[in-house]
Amino acid sequence: MRILLFTGKGGVGKSTLAAATACRTASAGHRTLVLSTDAAHSLADALDVLATSEPTEAAPNLWVQHVDAQQRFEQSWRDIQGYLLSVLDVAGVDPVAAEELTVIPGAEEVLALLEVRTQARSGEWDVLVVDCAPTAETLRLLALPEALGWYMTRVLPVERRVVKALKPVLSRAAGVPMPGDSVFDAIERLHAELDDVRTLLTGPDASVRLVLTPESVVLAEARRAYTFLTLFGYAVDAAVVNRVFPEGGADAWRTTWVRAQQQVLADAADSFAGLDLRTSVYRDIEPVGRAELLELAGAVYGGDDPLARRAGRPPLDVRQEAGGRVLALPLPLASRDDVRLARKGDELVVSVASYRRLLTLPPGLARLRVAGARVQDGELQVRFVDEETT
């Protein structure tokens, strides 16, 4: 099954392009589900159909779904929330206020990713098109499974043993209920599900499409998204520049805009070299409904298959070089000043701006020491040598 994720700055038209792509694949005979994890839920508006929290048929071979994040939240968070409510009850917090306090900000959006997993694993679809939240929220969500994995492997087992050993003493001394096995089991279950989401979305059948408009501020955000998504192992295979003013027959005002957009398009071509860069002209009417969306998809993809994916660099590569081994991590558009590197035991901590990834080194590298690092040709290259090497 092919998975396409569309993301970009809010208001650039990512929902419309996701819907247009889904219409195109459905018209080619692929059973397609287009699903929104964006709280704004603009998909049904673009398709001009009603949508529910379950897949709803919108056209032959095409279904649309707006994820009910609250329902997923209740299913996956119930045990954890129940424990937190019991703690707040002992503390004398009003039940209504307690209910609000136990809803962690952003949790519903995170759990919406679980619906992506459910549909991807259902076996019902040939194509899953995901209309993601705006860029910043998407990056936080996609970084979460790996961050939670670190906590699960290093912190949770210790906490579970400590609570089990000290539960009688702590409960009597503090008067606060200690978490039981059901709470820890719920956390582990949530982690396993999110880890499976990551496995799906970083797998060979999934890729991200960046949507932007020809404006310098929007391009800057798309460039950062490209770097950060690659840092966490998500393959970006295309970028679509939307709402490009057509040339010719323009007044002075529009001519100025066309000239500015052409400069941004040139910068985008440099920034996304190696990606499939597409453009979409500013249309004279809003593309709403299947017919308009198919026309939009035709303008963007031409005669090409929208499911095609360009071969890219492996997410992580270890190669032998003279005097040692080099671990290479693709970091497109990153400069030396953007990247910070640290080593903690068998882990390599890579930071780019405010995003950080912990890489567990394979045994062949873990026994070696770091001899140097550089950012070159769009990748971070870390050189490892034997301890005896000077």
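Modeller: Two strands count as paired if DSSP finds at least two bridges between them. Keep that in mind, and note that this model is predicted.

Colleague: How many bridges join strand E2 to E4?

Modeller: Strand E2 covers residues 32-36, and E2 and E4 run parallel. Within this pair, Leu-33 stands opposite Trp-63 in E4. A pair needs at least two bridges. The number joining E2 to E4 is five.

Colleague: Which residue stands opposite Leu-62 in E4?

Modeller: Look to strand E3, residues 56-59, which runs antiparallel to E4. Three bridges join E3 and E4. The residue opposite Leu-62 is Ala-59.

Colleague: In the hairpin of E3 and E4, which residue takes a positive phi?

Modeller: The hairpin has two residues between the strands. The positive phi is near 70 degrees. It belongs to Asn-61.

Colleague: How many residues of strand E4 are buried?

Modeller: Buried means under 20% relative accessible area. In a regular strand the side chains alternate between the two faces of the sheet, so both faces need checking. In E4, Leu-62, Val-64 and His-66 are buried on one side, and Trp-63 and Gln-65 are buried on the other. Of the five residues in E4 (62-66), the number buried is five.

Colleague: Which strands are the edges of the open sheet of eight strands?

Modeller: The order is E3-E4-E2-E5-E1-E6-E7-E8, with mixed pairing. An edge strand pairs on one side only. The edges are E3 and E8.

Colleague: Which residue in E5 does Leu-5 stand opposite?

Modeller: E1 and strand E5 (residues 127-131) run parallel. Five bridges join them. The residue opposite Leu-5 is Val-130.

Colleague: What angle does helix H10 make with E7?

Modeller: Two helices pack on this sheet. Helix H9 (residues 216-231) touches E6 and E7, and its direction makes about 165 degrees with that of E6. Helix H10 (residues 252-271) touches E7 and E8. The direction of H10 makes an angle with that of E7 of about 180 degrees.

Colleague: How far apart are the end C-alpha atoms of helix H11?

Modeller: H11 has 12 residues, 290-301. At 1.5 Å a residue, the helix should span 16 Å. The distance between its end C-alpha atoms agrees: 16 Å.

Colleague: Within what arc do the buried residues of H11 fall?

Modeller: Leu-293, Leu-296, Ala-297, Val-300 and Tyr-301 are buried in H11. Seen down the axis, they line one face of the helix, because they fall within an arc of 115 degrees.

Colleague: Which strands do the buried residues of H11 pack against?

Modeller: Their partners include helix H1 (14-27) and helix H2 (43-47). The strands are E1 (2-8), E6 (206-212), E7 (236-244) and E8 (276-281).

Colleague: Which residue just after H11 takes a positive phi?

Modeller: The angle is about 60 degrees. The residue is Gly-302.

Colleague: Which are the edge strands in the open sheet of four strands?

Modeller: The order is E9-E10-E15-E14, and the pairing is antiparallel. Each edge strand pairs on one side only. They are E9 (317-321) and E14 (369-376).

Colleague: In E10, which residue is the bridge partner of Val-318?

Modeller: E9 and strand E10 (residues 324-330) are antiparallel, with five bridges. The partner of Val-318 is Leu-327.

Colleague: How many disulfides does the count come to?

Modeller: A disulfide is a covalent bond between the sulfur atoms of two cysteines. Here the rule asks for sulfur atoms within 2.5 Å. Cys-23 is buried at 1% relative accessibility, and Cys-132 is buried at 5%. The disulfide count comes to zero.

Notes: Residues are numbered from 1 along each chain as its sequence is written. This is a predicted model: local features need pLDDT of at least 70, side-chain atom pairs count only at pLDDT 80 or more; totals for chains, interfaces and linings use all residues. Side-chain values use heavy atoms; hydrogens and water are left out. The expected span of a helix is 1.5 Å times one less than its number of residues. Buried means under 20% relative accessible area, exposed over 50%, partly exposed in between (1.4 Å probe, protein chains only). The arc is that of the directions from the helix axis to the C-beta atoms. Contact means heavy atoms within 4.5 Å. Axes are lines fitted to C-alpha atoms, for helices over the stretch in contact, and angles run from 0 to 180 degrees between N-to-C directions.
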